[in-house]
Amino acid sequence: MRRLLAIGEALIDFIPEETGKELKNVCGFQPAVGGAPANVCGAFVKLGGEAAMITQLGDDPFGDKIADEFRACGISCDYVKRTKEANTSLAFVALKSDGNREFSFYRKPGADMLMKPEDMEESWFEGAYALHFCSVSLGDFPMKEAHRKAVEYALKNGLLISFDPNLRLQLWDDQEKLRRAVREFAPMAHVLKISDEELEFITGCSDIKEALPGLLTGNTRLVIYTRGSEGAECYTKTGCGAAKARKVEAVDTTGAGDGFIGSFLYCLAEGGVTPDNIPDMTGEQMEQYLGFANDFCGISVTGHGAIASYPTMEEMKKRKQTM
């Protein structure tokens, strides 16, 4: 299987030692490697694929921790740069009683934000399968232009491009800038994942079918619409598929959406799906991939953390039998 590349933030998530409290009332935290693009790589490699992260870390102990854990779980650090100009980004997380999260970020700036377009090398993209990215790194700093260069190289080398906006409103002083950035970059991707919580903010529509004409534009040929515990749907211009999610008791939803798209991209890679043949996907094929990603996500939320909670293929087969 060819390599998945992901570009964007890699950071330390400080996970609370107690749940059901607001962030300001949490007394203790445990550090865990995170960042949405990194989580997607983690899901891909846990299932048996190859993945490499394109990011920049601070020249500090937290950067060392991220690099060490990437190597330990099989995420390549070939394209991870280090800098003394800023520290590795941090995110403190609180887990509410329903399993949802509250965040506080420390990245003003973070090392990842300072990665520049000239840091990209076209050779990284030769022979790779896909490039995945999110919106956290699309603010007014150098990493946004690094994304643009990465997309350019990915398109030139025939990679499938995947975009999950993964909105973090609290990181943006001007939410209209976030909306514009998402709308600018979304048409660059062949695969667009969007959640029910994000749909109206991004498109102005509360109904996915009304929003589809505005989403299936530019390069975008497949829209994945996730609805949390209700399951997921996906759409091309000529077909659609849907799969319900199994009911589970969520312990921690950190990285759940990242696990979903990471496992879905694994299915696309295994199925030989390319930008050119996306329109040929059948409804049955879509439903199979959605069901797999739902199950992967469902297993993930019953554990703590992001990458640490992702199942291997063997674990997934075993756990599915009891879900």
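How much space lies in the largest pocket? I took this as my opening entry, working throughout on a predicted model. The computed figure for the largest pocket is about 1300 Å³.

**Entry 1: the largest pocket**

I next listed the residues around this space. The lining of the largest pocket comprises 49 residues, and R101, E197, T253, A256 and G257 are the closest to the pocket's centre. I then looked up which elements give two or more residues to this lining, and I found β2 (11–16), α1, β8 (101–106), β11 (191–195), α7 and α8 (283–300). Sorted by class, the lining holds 17 nonpolar, 16 polar and 16 charged residues.

**Entry 2: the second largest pocket**

For the second largest pocket I noted a volume of about 430 Å³. I counted 14 lining residues here, with M113, F141, L171, W172 and D173 nearest the centre. The classes in this lining are six nonpolar, two polar and six charged residues.

**Entry 3: α1 against α7**

I turned to helix packing, since two packed helices are described by the angle between their axes and the distance between the axes. Helix α1 spans residues 36–46 and helix α7 spans residues 256–270; I recorded an angle of about 45 degrees between them, and their axes are 8 Å apart. I logged the crossing of α1 and α7 as right-handed.

On the α1 side of the contact I found A36, N39, V40, A43 and F44. Their partners in α7 are D258, G259, I261, G262, S263, L265, Y266 and A269. By class, I recorded eight nonpolar, four polar and one charged among the residues of this contact.

**Entry 4: α7 against α8**

I then examined α7 with α8, where the packing angle is about 145 degrees and the axes lie 8 Å apart. This crossing is right-handed. From α7, the contact draws on A256, G259, F260, S263, F264, C267 and L268. From α8, I listed Y289, L290, F292, A293, N294, F296 and C297. Which classes make up the contact of α7 with α8? I found 11 nonpolar and three polar residues, and no charged residues.

**Entry 5: backbone exceptions**

Between K108 and P109 I found a cis peptide bond, with omega at about -5 degrees. P109 sits in the loop between β8 and β9 (130–134).

Where is N166 found? I placed N166 in the loop between β10 (160–164) and α4 (175–185). Although N166 is not a glycine, its phi is positive, at about 45 degrees.

Note on methods
Residues are numbered from 1 along each chain as its sequence is written. This is a predicted model: local features need pLDDT of at least 70, side-chain atom pairs count only at pLDDT 80 or more; totals for chains, interfaces and linings use all residues. Side-chain values use heavy atoms; hydrogens and water are left out. Axes are lines fitted to C-alpha atoms, for helices over the stretch in contact, and angles run from 0 to 180 degrees between N-to-C directions. Helices (H or I, at least four residues) and strands (E, at least two) are DSSP runs, numbered from the N terminus. A crossing is left-handed if the near helix is turned anticlockwise from the far one by less than a right angle, and right-handed if clockwise. Contact means heavy atoms within 4.5 Å. Ala, Val, Leu, Ile, Met, Phe, Trp, Tyr, Cys and Pro count as nonpolar, Asp, Glu, Lys and Arg as charged, and the others, Gly among them, as polar. On a 1 Å grid over the protein atoms alone, a cavity is a set of points where a 1.4 Å probe fits but cannot get out, and a pocket is an open set with protein on both sides within 12 Å along at least five of seven lines; lining residues have an atom within 4 Å of a point. Grid points are joined across faces, edges and corners, and a volume is the space filled by probe spheres set on the points.
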